[in-house]
Amino acid sequence: MFTLIISLVITQRLVELIIARRNEISMKTKGAIEFFPEHYKYIVLIHISFFLSLLLEVSFFNKQLSTIWPAILALFLVTQAIRIWVLFSLRNYWNTKIIVLPGANIVMRGPYKFVRHPNYIIVCLEIILIPIMFQAYWTAIVFTILNAWVLSIRIPLEERALSEANTKYDEYIEHKNRFSPTFNKFTE
């Protein structure tokens with residue numbers, strides 16, 4: 001089960017990198033700008049290290065599926081459905097880098113109607129759920145902390161880039177929380 005799930009998740013990440021690269025090229029041909037590229041290498045390093053740590057912890061310590069793995073797997077599948085919703089909602093704007101098209105409309109469809117950063121919520125949940133499903137608690141703890149650290153850098157940079165490139169973004173963030181759902185209406 002571990003090999004199957006980890007293989008599917010790694011394959012999904014590789015496909016997402018292909019989508020991100022395609023979107024990056026498309027957006028840059030339209031005049032998009034990449035902001036704050038220096039932090040990206042740390043995100044990549046943390047995500048690669050996460051999978052390596054998970055593989056080592058499960059293999060080296062002979063970790064088995066959690067007794068509550070069906071519930072964890074169900075939650076994980078829900079996160080994947082929301083991840084797909086995020087990608088479809090952002091369309092060509094979705095990327096793993098901070099790439100912003102100046103003057104573009106703010107995306108307020110899909111999960112972005114409720115929170116500013118649904119993709120980061122999903123990543124946080126995955127970093128907890130996947131290791132816990134296989135009782136890899138050290139990986140869950142260490143990478144939850146590392147992910148929180150890198151997001152504490154990434155999110156303000158991303159919001160700053162969006163604010164610099166779109167005058168309506170400042171108004172939008174006044175009406176949407178970063179992570180907890182907001183159900184008020186904000187129109188472009």
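Predicted model: local features only at pLDDT ≥ 70, side-chain atom pairs only at ≥ 80, totals over all residues.
Me: How much space lies in the largest pocket?
Reply: The largest pocket has 43 lining residues, and W94, N95, T96, N119 and R154 lie nearest its centre. The space in this pocket amounts to about 1100 Å³.

Me: Which element gives the most residues to the lining of the largest pocket?
Reply: The lining of the largest pocket is made by 43 residues. Elements that give two or more residues to it are α1 (2-29), α2 (40-60), α3 (69-90), β2 (99-100), α4 (118-133), α5 (137-165) and α6 (169-175). With seven residues, the element that gives the most is α2.

Me: How many residues in the lining of the largest pocket are nonpolar, polar and charged?
Reply: Tyr and Trp count as nonpolar in this division, and Gly counts as polar. On that basis the lining of the largest pocket holds seven charged, eight polar and 28 nonpolar residues.

Me: Is R154 buried or exposed?
Reply: R154 is placed in helix α5, and it is among the residues nearest the centre of the largest pocket. A residue counts as buried under 20% relative accessible area. The relative accessibility of R154 is 3%, so R154 is buried.

Me: With the side chain of which residue does the side chain of R154 make a polar contact?
Reply: A polar atom of the R154 side chain lies 3.0 Å from the backbone oxygen of T96. That atom of T96 belongs to the backbone, whereas the question concerns a contact between two side chains. At 2.9 Å, the side chain that makes this polar contact with R154 is that of Y120.

Me: What is the volume of the largest cavity?
Reply: A search of the whole structure for cavities of 30 Å³ or more finds one. The lining of the largest cavity consists of V9, R13, H47, F50, F51, V123, E126, I127 and I130. By class, six of these residues are nonpolar, one is polar and two are charged. The volume of the largest cavity is about 50 Å³.

Me: Which element gives the most residues to the lining of the largest cavity?
Reply: V9 and I130 are among the residues of this lining. The elements that give two or more residues to the lining of the largest cavity are α1, α2 and α4. The one that gives the most, with four residues, is α4.

Me: Which residues form one aromatic cluster with F50?
Reply: The whole structure contains six aromatic pairs. The residues that form one aromatic cluster with F50 are F51 and F143.

Me: How many residues apart in sequence are the parts that the pair of F50 and F143 ties together?
Reply: Both F50 and F143 are buried. F50 belongs to helix α2 and F143 to helix α5, so their pair ties together parts of the chain whose separation in sequence is 93 residues.

Me: Over the face of which residue does K97 lie?
Reply: A charge counts as sitting over a ring if NZ of Lys is within 6 Å of the ring centre and within 35 degrees of the ring normal. K97 is 5.6 Å from the centre of the ring in question, which belongs to Y40.

Me: What distance separates the C-alpha atoms of R91 and N23?
Reply: R91 is in the loop between α3 and β2. With a relative accessible area of 52%, R91 is exposed. R91 and N23 are 68 residues apart along the chain, and the distance between their C-alpha atoms is 8.4 Å.

Me: What is the phi of F36?
Reply: Most residues other than glycine have a negative phi. F36 lies in the loop between β1 (33-34) and α2, and its relative accessibility of 14% makes it buried. Although F36 is not a glycine, its phi is positive, at about 50°.

Me: What is the phi of Q135?
Reply: Q135 is located in the loop between α4 and α5. At 26% relative accessibility, Q135 is partly exposed. Q135 is not a glycine, yet its phi is positive, at about 60°.

Note on methods: Residues numbered from 1 in each chain as written. Heavy atoms only, no water. 1 Å grid on protein atoms, 1.4 Å probe; cavity = no way out; pocket = protein on both sides within 12 Å on 5 of 7 lines; lining within 4 Å. Points joined across faces, edges and corners; volume = space filled by probe spheres on them. Phe/Tyr/Trp six-rings, centres within 6.5 Å; stacked < 30°, edge-to-face > 60°. Buried < 20%, exposed > 50% of the residue type's maximum accessible area, 1.4 Å probe, protein only. Polar contact = N/O pair within 3.5 Å; in protein donor to acceptor, adjacent residues only side chain to side chain.
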